[in-house]
Amino acid sequence: MDLQFTPEELAFRDEVRGFLKDQLPEDLSHKVKNGLQLTKQDMERWHAILNARGWLANHWPEKHGGPGWSAVQKFIFEHECALAGTPRIVPFGLSMLGPVLIKYGNEAQKAHWLPRILDGSDWWCQGYSEPGSGSDLASVKTSAVREGDHYIVNGQKTWTTLGQHANMIFCLVRTNREAKAQQGISFLLIDMNSPGVEVRPIITLDGEHEVNEVFFTDVKVPVENLVGEEDKGWTYAKYLLTYERTNIAGVGFSVAGLQKLKAVTGRVLRNGKPLSQDPLFAARLAKVEIDLENMKTTNLRVIAAVAGGGVPGAESSMLKIRGTQIRQEILSLVRRAMGPYAAPFIEEALQAGYDQPAIGDAAAATAAAAYFNYRKLSIFGGSNEIQKNIISKMILGL
């Protein structure tokens, strides 16, 4: 693969940079670059800006609202967005459900749901994990029993990210208890405003309401909200997870994180010299940069394969493992660079508008919170241990 951008690709990069300079609100960029919490309105605002330009669903086919970009254009766009400090687009509708509907949904479902994902009419969340079913997703117990023109759903989902904002949830439900675990699962689209749906918050250590529990008690779901065939949901779930894991790799976020880390090590002193000149710290910094450059290449290969009609397989697991390890190492080094100044936790400092003097370096206020919060990267989307099992089966045949 030629890793040098063509003149056309460089022109596209300039176009993206110009768009971000003109259209990215400064208050949103400030929040993202400083690790501050984003509101629902913040995320919806950037979603609308991208949709107005036609750049929101950059991995969708043109006939469904995508811009028709090449793999390299997608890479350039995500890279430049991360460096500019754009909010992360909520992935559940756009990057997870959208590709599933495009491949497995019927025409009526595509015509109804895809435009609503694009214009923000629906905020989707993901109903996969349960108290007893995390990485072992095939053991889901939430049931859906067919009664005439509806399914009756009962059960519980957990770790539902941003579920407090959602009006829709796509769920894995068990429709056949007699079949083998993977063969009795179906993929349902459920209205969160239906009677019997209850959302309970899970407040994380930093005081943020990011994840939730969702309970279903005799929830009626129209049969037309079944995606694909009954009992074949495991196939659709695996397809979705390849997109989720590739997305979790977050190459662009790592590039932006490394840029921030270098800036921190240039101004934090150790023994009277910039931390970047400390041999031990510099060695760890160099290693994570080398790992990131290698992952960029792998990411481009996977994007190119998908653009050519392929589906990311074991490669998405590789990206998930290495991508999360790199992001966690960068956050670890930022926290380590702060030394004792990373220890104090001031919840208000994670909010926009906090104007009290910083304790130590400006990056110290969010260093520990970000480090601990993003330990989740190697767990959700299928833990890294599970990803290693997938690689050993698909590539090594073990």
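Buried means under 20% relative accessible area, exposed means over 50%, and partly exposed is what lies in between (1.4 Å probe, protein chains only). The legends below describe a predicted model, where local features need pLDDT of at least 70, side-chain atom pairs count only at pLDDT 80 or more, and totals for chains, interfaces and linings use all residues. Residues are numbered from 1 along each chain as its sequence is written, and side-chain values use heavy atoms, leaving out hydrogens and water.

**View 1. Lysine 63 sits in the loop between α3 and α4 (71–84).** Helices here are DSSP runs (H or I, at least four residues), numbered from the N terminus. Lysine 63 counts as exposed because its relative accessibility is 72%. Look for valine 100 too: it is 37 residues away along the chain, and the two C-alpha atoms are 15 Å apart.

**View 2. Helix α2 (residues 26–33) has Leu28, Ser29 and Lys31 as its buried residues.** Seen down the axis of α2, they fall within an arc of 160° (taken from the directions from the helix axis to the C-beta atoms), so they line one face of the helix. These buried residues pack against α3 and α4, with contact meaning heavy atoms within 4.5 Å. Just after α2, check out glycine 35, which takes a positive phi of about 70°.

**View 3. Here α1 (residues 7–23) meets α3 (residues 40–53).** From α1 come Glu15, Phe19, Leu20 and Gln23, and from α3 come Trp46, Ile49, Leu50 and Arg53.

Definitions and conventions: Axes fitted to C-alpha atoms, helices over the stretch in contact; angles between N-to-C directions. Helix = DSSP H or I, 4+ residues; strand = E, 2+ residues; numbered from the N terminus.
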